[in-house]
Amino acid sequence: MHPSGKNRCKGPTLMYRQRQQARAAALSKRVAINNDVDSMLRVIDHEAKRLSKMHHRSIAWFQHQFFQGGRVVRQKRAVSIFNAAKQIEGFLEGRNGSITDEEKTSFQEIQTKLYQMGGAEFASKLPHGMQVFLRTQTQIWRNQKHTAPCASIRAVVQDGRLTLEWVADELIALSARTDMETFLFAVKGKPEHSMPGFFAASEKGSRYVLHGMKRHTADLIKEFESYVLGDVEGLILNHNGHLAECKSNIRRLIREGLVAITGDPKTNMQYERYEKLIVLEKGVALTNWPPDVPFGGVSDIGSFHHLRRLHTALTLEDPNERCKWVTLSSEELETRRAAFKKAEANVIPKQRKRKTHVAAESDTSSSSESDSNTASNEENEGDRRSKRRKTAHEADKENDSPSTAAKSKVGKKKGGKGRGKGKATGTGAKGQKKDTNTAKAAPKESH
C-alpha cells in the first residue's frame, strides 16, 4: 500500500542488467522528448515573430496566447498591485527573503495605510510611490523564489532528488559509452532537509567500494553526512592535529585584523603588555572577546572548548557580535590611559638586590676563601718541613750506630736459634746489605 492510500502497481523484480537496460531506455526516451519539445518551442518562437509583424502586436502577447493553457510552460506575467499587497506580511515575517530596516519601515507604513483603507482590495488607491515599491520588491522576490537560499525545503529536496537521478543516469550512460568506472556520494547539507543519502556507481565502482575500501555504502554515507552536518573533523584529523590547526587559525585571524587596522605589517600581538603596547600605543582594542575564555595567547588556553569558542567568536557573520579590532576614540583612549596609570600606581614594586652589592659580596667571600686557603697551605708546608727535619735527624742517628740496628734486624729474622751468635758477631750477608742500603738512603732524604 502506498503512503497516499492508493494501490501502487508493482512490477516484477528486475536483475541488475535489466535495471541498467531500463535506465538506458528511460534516458534515451527523455532525451528524445526534450529534443522534440525544443524543436516545438523554436517553431512557436518563429511563429510568434511572424504573427507579431503581421498583426502589429508584441511577441510576448502571442507567446502568452500560445502558452495560455499551461500545457507547455506558463508565461510570467507582470505583478499586480493586489498580489503584491498580499505579500506584505511575508516580507515583514522574513518568509519572502531578508529586507533592510528602511524597507521594513516602508512595508509597515503601507500595511498601516491598507488597514485604514479597508484591506488589500484597495491597494490600487495607494500613492504611486508605494505601488511602485510594492511591485518592485514583489518582482525581485518572485525572480529569486526558486533559488536555493529562498526556496522552500520541499523545493530543495525535490530539486536535489531529481538532479541526482539525472546525474546517476548520465554516469551510467557515460560508463556504457566510454567504459569509465565512477561512483558518487551525495548527502543533505542542512538537518531540516528530509533527504536520504544518495549513492550511485558503475559496476566496478560499487565493487571497489565494497571489496577495495572494505566498507558498506550505508556506513560511508552515514559518516559523510555526520561530517557535513556536525563538522566532525575527527574523521580526518586527530585531536592534536585539530588542536594545532585551531590555534594556528586563531593566531592568523587576530594578527591579520591587527595588521589591517594599524596598517603596520610588522606589528605583532602582545598579550602580556597588551594595554600598554597595543591599546595605548596603537589606539586599537580587541572587542567581543568571549567572557568565559581567559584573555591571553592560545598557548595559555588549555581547554579545547575555549579555543573553539574563541574561533567561533572570531568568525561570526554578524559584525556586531564578531570578535574584532576597533579603533578607539580620543575619549575612550584617555579613559583607558587614566585607568592604566591608576593600576600602575597601585602596583607595589618588588624589592630586589642590586647587582653591585652581589658582586661586592662575592668579591669579599672569594677573598676570604683565598686567604683561608693560603693559610692552610702555609700550615701544610710547615708540617712537611718539620717531618723532613725529623726524618733527617733519625737518619743521622742510624749512621752513628749501624751495628745496633743491624743486630736488631738480624735477631728478629733468625728467631731463637742464632740469637746469641747474631748478637755477638753481627755478621751475615743480609744484615750487611741492609746496613749499606740504609746508609746510602739517609743522605738522599737529607738533600
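**Loop residues and a helix pair**

At 36% relative accessibility, Asn288 counts as partly exposed, a class lying between buried (under 20% relative accessible area) and exposed (over 50%), with a 1.4 Å probe and protein chains only. The model is predicted: local features need pLDDT of at least 70, side-chain atom pairs count only at pLDDT 80 or more, and totals for chains, interfaces and linings use all residues. Residues are numbered from 1 along each chain as its sequence is written, and side-chain values use heavy atoms, leaving out hydrogens and water.

**Positive phi**

- Most residues other than glycine have a negative phi.
- Asn288, not a glycine, has a positive phi of about 60°, and sits in the loop between strand 3 (284-287) and helix 12 (304-314).
- Helices (H or I, at least four residues) and strands (E, at least two) are DSSP runs, numbered from the N terminus.
- Asp179 also has a positive phi of about 60°; its loop joins helix 7 (153-178) and strand 1 (183-186).
- Asp179 counts as exposed, at 66% relative accessibility.

**Helix 5 with helix 6**

- Helix 5 (residues 101-117) packs against helix 6 (residues 128-143) at about 120°, the axes being 11 Å apart.
- Axes are lines fitted to C-alpha atoms, for helices over the stretch in contact, and angles run from 0 to 180 degrees between N-to-C directions.
- The pair is therefore oblique, the class left after roughly parallel (under 35 degrees), roughly antiparallel (over 145) and roughly perpendicular (65 to 115).
- In contact (heavy atoms within 4.5 Å) are Glu103, Ser106, Phe107 and Ile110 of helix 5 with Met130, Phe133, Leu134 and Gln137 of helix 6.
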